[in-house]
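Subject: Structure handover

Hello,

Here is the structure we discussed. My notes on what was found in it follow below.

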Amino acid sequence: IRSLDQTIRTLHKDCQEREKRVQDLSTVLQKNQKDLEKQQRNEKMLRTSLEKTMRYLEENRHDKQIRDEYTLITEQCTRMLQIQEKIRKAEDDQKQCMVRLMHAEKSLKQSSSTLEKQQRVVEETNKKLVENEEARQTVLGDATVEALEEERRQHVKVLQERMKIANFSTHRMHLQDGIPCPLCGATDHPYALGNIPAALEEEKAIEAVDARLKELRQLSRARETLQKTYTNAMTVQMQAQEDAHKAKDAVEQCRAEQTRIQELCASFQKDVAEIRSSLLHTLEPFGVTMMVDGTGNFQPVLKELTTRMQQWQTNEDNQKRCETDLKAAEASIHTLQEHIAEQKTQVDAERALLKTVQNNRAAQEKERFAKYQNKDPEKEEKRILQAVDDARRAEKLAAGSHENQKQRMAALRATLTT
């Protein structure tokens with residue numbers, strides 16, 4: 001039984017191993033079949049994508065030339081952008097020039113107004129100076145200020161002497177002709193007898209001279225004021241003339257600058273028109289016949305061309321990638337098909353061997369059942385051992401019983417003998 005069971009277990013283990021191997025091979029085969037289906041779907045998708053890409057490239061074959069013309073188009077667009085920037089700068093300069101022209105014209109107007117006003121001030125001041133000089137000459141007459149002052153000093157001196165004489169009345173009473181004066185030493189005493197000249201005439205003369213001098217001082221102060229006014233007016237007039245001249249020059253410069261900027265803008269506009277015409281001529285093969293708007297804005301067109309060029313490049317790269325991937329997919333499919341054929345052969349061979357082992361195992365199990373049914377060798381061994389133990393115990397009991405019987409027979413013989 002053990003020998004048969006060992007053979008059956010060996011066959012069973014071999015069956016399990018072969019079943020696992022068949023299962024593993026079947027799993028790998030199924031995985032490869034799935035991979036094959038996936039690769040076939042991928043190949044189909046690649047072919048569809050390749051057809052779509054080639055159809056796009058055929059329909060938009062003119063876009064391939066964009067790469068060749070793109071540098072020229074970009075240069076023309078850049079040049080147009082630079083000229084437009086110059087136009088905007090020139091327009092800003094023109095606006096600033098207009099502002100400067102307005103300020104210059106306003107400054108010229110203000111300077112002219114100030115100049116006219118100061119001219120009137122100068123004329124009026126000059127007239128007043130002439131009137132002041134005439135009044136001064138009227139006050140002076142043939143004399144001079146120095147002569148008047150000298151005359152006043154003489155009158156003051158005479159007045160002082162006469163005042164002294166009037167104050168020496170007591171001393172004068174003691175004077176005698178021929179006798180020296182104790183004060184001055186003179187021997188001739190014209191005022192000794194009381195012949196004292198009156199001081200009133202000198203005072204009136206001083207007052208008259210003071211009045212003339214006062215009037216002259218007032219005329220001098222007025223003249224100084226008029227001179228300052230005249231000087232300031234002349235200074236302001238000269239400054240106004242200079243400002244007016246500068247303002248006039250600024251106006252002329254601004255107008256000349258404005259004319260120059262207008263001519264420059266016209267030249268720029270002409271250049272823009274030429275570049276625009278050339279650019280449209282270059283873009284015409286690509287289906288672009290006009291700008292997006294009327295402002296000369298080419299950025300949307302450039303963006304569209306860039307997008308089309310990128311799409312063409314993307315589709316061209318996609319075509320190369322699809323062709324490469326399609327070749328790889330075809331090679332992978334071919335490899336998988338070969339592997340699957342080999343694996344199918346291996347699976348069939350393993351299944352045939354498994355069938356043989358299973359048949360051998362069934363034959364051994366049938367032979368065992370025919371000989372021993374479903375007996376378990378372990379249980380049979382335990383049952384036989386148990387039977388042997390039971391027999392030994394029975395034998396031992398029988399031997400004891402036999403000994404007892406022998407003793408009884410000996411006792412009975414002894415009794416019988418007795």
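Q343 sits in helix α6; helices (H or I, at least four residues) are DSSP runs, numbered from the N terminus. This is a predicted model, in which local features need pLDDT of at least 70 and side-chain atom pairs count only at pLDDT 80 or more, while totals for chains, interfaces and linings use all residues. Residues are numbered from 1 along each chain as its sequence is written, and side-chain values use heavy atoms, with hydrogens and water left out.

Q343 counts as buried because its relative accessibility is 13% (buried means under 20% relative accessible area, with a 1.4 Å probe and protein chains only). Its side chain makes a polar contact of 2.7 Å with that of N32 (a pair of N or O atoms within 3.5 Å, one able to donate a hydrogen and the other to accept it; residues adjacent in sequence count only if both atoms are side-chain atoms). Beyond its neighbours within four places in sequence, Q343 contacts V28, L29 and N32 (heavy atoms within 4.5 Å).

V357 is also placed in helix α6, and is buried at 8% relative accessible area. Not counting residues up to four places away in sequence, V357 touches L11, D14, C15 and R18. The C-alpha atoms of V357 and C15 are 6.2 Å apart, although 342 residues separate the two along the chain.

The largest nonpolar core has 15 residues, of which I73, I83, L279, L283 and L305 touch the most other members (a core is a set of buried Ala, Val, Leu, Ile, Met, Phe, Trp, Tyr and Cys residues joined through side-chain atoms within 4.5 Å). Two or more residues each come from α2 (66–140), α5 (200–283) and α6 (299–372), with the largest share, six residues, from α2.

Regards

Conventions
Buried < 20%, exposed > 50% of the residue type's maximum accessible area, 1.4 Å probe, protein only.
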